[in-house]
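Subject: Handing over a structure

Hello,

Here is the structure I promised to pass on to you. Please open it first, and then read my notes below.

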Amino acid sequence: MSNTKQLGLPLLQPAQAQKHVTINEALTRLDGLVSLTLVSRSVSIPPAVVVDGTCFGVPVGAVNEWSGQEGKVAIGTNGGWEFALPRRGWRTVILDEGAQALHDGSGWRAGMMTLSPANAGLSVAVAEIDHVITAGPVSTTSAVIPPNSVVIGVSARVIAAVTGSLTSWSLGNPGSAGRYGAGLGLQVGSWARGVLGQPTAFYAPEAMQLDATGGTFSGGKVRIAVHYLEIAVPSL
């Protein structure tokens with residue numbers, strides 16, 4: 001055997017010359033794979049400047065140095081790339097998605113906390129948007145809550161001052177104003193953290209709704225994060 005089974009670390013061979021080369025290669029792989037963090041799993045073109053220890057999940061259709069390495073982890077090494085095939089049960093954090101992920105043996109499952117032998121499981125996720133407030137008494141976002149999800153709460157932060165004749169505002173959904181908070185502040189840094197006493201299931205995509213209190217909106221921007229659960233069906 002020339003490589004270890006789990007991480008593919010190169011092993012020293014009897015009477016091998018230049019042992020430091022093999023040892024350094026193994027240490028480089030360990031540096032990338034232990035406490036694995038993926039910059040992205042959707043970038044298909046390798047970065048022009050390779051940073052040692054930086055890891056990417058190689059997607060289908062990747063080109064250049066990543067061509068033919070779909071599904072593997074690309075590890076930046078000495079100006080080039082080493083590749084590791086992830087195994088079922090590996091965990092990582094995907095930085096550009098802000099999510100932990102679990103590998104099911106064929107791909108990364110973002111937010112997955114449990115995984116049955118047939119790939120059923122429970123995932124925890126956050127959907128985040130920056131909403132530019134429109135003028136009027138109500139400002140509604142695009143659909144941010146995904147279908148067939150269970151929302152446990154919503155948090156928000158004012159990132160550009162809320163302006164208009166209003167004195168405060170509330171955060172909810174169409175048909176359920178203020179569900180996640182009321183009497184919210186107008187200045188940058190004001191925040192909301194609405195935890196639902198009873199988690200609520202949404203079977204179709206749903207928007208968030210901001211309602212002005214004591215007047216109307218004229219502008220502003222709010223960062224909204226929806227915290228929710230999803231269940232995955234088992235495979236065939």
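Let me start with an open sheet: four strands form it in the order β8-β15-β10-β13, with antiparallel pairing. (Strands here are DSSP E runs of at least two residues, helices are H or I runs of at least four, and both are numbered from the N terminus; two strands pair if DSSP finds at least two bridges between them.) At the edges are β8 (121-132) and β13 (191-202), each pairing on one side only. From one strand to the next, the twist averages 20°, where axes are lines fitted to C-alpha atoms, for helices over the stretch in contact, and angles run from 0 to 180 degrees between N-to-C directions. Strand β10 (residues 149-164) is joined to β13 by eight bridges, and the two run antiparallel. Ala-156, for example, has Ala-192 in β13 as its bridge partner.

A word on the source: this is a predicted model, in which local features need pLDDT of at least 70 and side-chain atom pairs count only at pLDDT 80 or more, while totals for chains, interfaces and linings use all residues. Residues are numbered from 1 along each chain as its sequence is written, and side-chain values use heavy atoms, with hydrogens and water left out.

Next comes β6. Strand β5 (residues 91-94) pairs with β6 in the antiparallel sense over four bridges, and Thr-92 has Ala-101 in β6 as its bridge partner. The two strands form a hairpin with four residues between them, and Gly-98 in the turn has a positive phi of about 60°. Three bridges then join β6 to strand β7 (residues 108-110), again antiparallel, and here Ala-101 is partnered by Ala-110. The hairpin of β6 and β7 also has four residues between the strands, and Gly-105 takes a positive phi near 100°.

Four of the five residues of β6 are buried, so this strand is largely enclosed by the rest of the structure. (Buried means under 20% relative accessible area, exposed over 50%, and partly exposed in between, with a 1.4 Å probe and protein chains only.) His-103 lies in β6 (residues 99-103) and counts as buried at 3% relative accessibility. Leaving aside residues up to four places away in sequence, His-103 touches Pro-86, Arg-87, Arg-88, Gly-89, Trp-90, Trp-108 and Leu-115; contact means heavy atoms within 4.5 Å.

Finally, Leu-12 sits in the segment before α1 (19-33) and counts as partly exposed, at 41% relative accessibility.

Enjoy looking around!

Best wishes
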